[in-house]
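Biologist: Before we discuss any labels, please show me the model.

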Amino acid sequence: MSNHATTMFWGVGDGSQFIAGIQQSINNLVQQSGIYTGDNLFTYQRNLSFLDDEPLMAAWRRHASDAMEKAILWRTSILLGGVRNGLKLTGDFVECGCYKGTSVRILCDAVNFGAVDKRYFLYDLFEYDAATMANGMPEHGQQLYEQVQQRFADLPNVVVTQGRVPEVLGEVAPERIAFMHLDMNSATAEVGALGVLWDRMVPGAMLVLDDYGWEGYRAQKLAEDAWLGARGFQVIELPTGQGMVIKQ
Ligand SMILES: C[S@@+](CC[C@H](N)C(=O)[O-])C[C@H]1O[C@@H](n2cnc3c(N)ncnc32)[C@H](O)[C@@H]1O
């Protein structure tokens, strides 16, 4: 059985002391297996089934290049579950807040998306916009939109759109959705996206809310609970920090 050990944790004071503490805990395990460290997770004696998922792991090895992308493997495996579920349904896939496109690139490779009769719609501002977001991302800038387009140049069924969600959804968006991932660190943007796209999700489609379980983004959880709760849906909070809903 394998482990997945990274040192990427958020909200830590002295990083080396924190990691030394985790290492000490690992040293005291009866059986040093099923260990996942990183992304604010520390597990042991878990199956970590995704480590045996060869298409996922091959794509992840190819495209996850920085510490954060490596640490969020478990989250990425949840997204892959949503994508594979969506392959059996009518409709296209959506990610609002694609940033560099790393997660979707991994997902596309893992399912050979070029051979799939669906489109994957990606949206992002790609540049820091003080009016819309609290913090920019390190690679935000004028070049990023083109870089992400280039990253998917071999996949004509991936549609990369620059613009602000939800407004841009009025210009480009699928009519039916078989999987949707919202990852914009913004309650206004994500509830706005739900307002436009939720009714287009087909029965059985999975919605993943990347920030739902994170205290720092509690405003999103509260807004999404209220919006989805009013429609009779409960978000399941996953240990990865994601929220998940199956549209029925
Ligand atoms: C955490 S990153 C997304 C990471 C990406 N989903 C991944 O898995 O690699 C959040 C992104 O949301 C984008 N964003 C924030 N508010 C937005 C909005 N209203 N419309 C479009 N994109 C937005 C930001 O530009 C940023 O790139």
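**Helix contact and backbone details**

Modeller: In this predicted model, the axes of helix α4 (residues 73-87) and α5 cross at roughly 50° and come within 10 Å.

Biologist: Why is α4 called oblique to α5?

Modeller: Angles under 35 degrees count as roughly parallel and those from 65 to 115 as roughly perpendicular. The crossing angle is roughly 50°, so α4 is oblique to α5. The crossing is right-handed.

Biologist: Which residues make the contact?

Modeller: From α4 they are Thr 76, Leu 79, Leu 80 and Val 83, and from α5 Ser 103, Ile 106, Leu 107 and Ala 110. The residues of this contact divide into 6 nonpolar, 2 polar and no charged.

Biologist: Where does Tyr 99 lie, and what makes Tyr 99 count as buried?

Modeller: Tyr 99 is in the loop between β4 (92-96) and α5 (102-110). The cut-off for buried is 20 or more other C-beta atoms within 10 Å. Tyr 99 has 20 such neighbours, so Tyr 99 counts as buried. Its phi is near 50°, a positive value in a residue other than glycine.

Biologist: What kind of peptide bond joins Val 165 and Pro 166?

Modeller: A cis peptide bond, with omega about 10°. Pro 166 is found in the loop between β6 (158-162) and β7 (177-182).

How values were computed: Residues are numbered from 1 along each chain as its sequence is written. This is a predicted model: local features need pLDDT of at least 70, side-chain atom pairs count only at pLDDT 80 or more; totals for chains, interfaces and linings use all residues. Helices (H or I, at least four residues) and strands (E, at least two) are DSSP runs, numbered from the N terminus. A residue is buried if 20 or more other C-beta atoms lie within 10 Å of its own, exposed if 12 or fewer, and partly exposed in between; C-beta atoms are placed from the backbone. Axes are lines fitted to C-alpha atoms, for helices over the stretch in contact, and angles run from 0 to 180 degrees between N-to-C directions. Angles under 35 degrees count as roughly parallel, over 145 as roughly antiparallel, 65 to 115 as roughly perpendicular and the rest as oblique. A crossing is left-handed if the near helix is turned anticlockwise from the far one by less than a right angle, and right-handed if clockwise. Two residues are in contact if their C-beta atoms, placed from the backbone, lie within 7 Å. Ala, Val, Leu, Ile, Met, Phe, Trp, Tyr, Cys and Pro count as nonpolar, Asp, Glu, Lys and Arg as charged, and the others, Gly among them, as polar.
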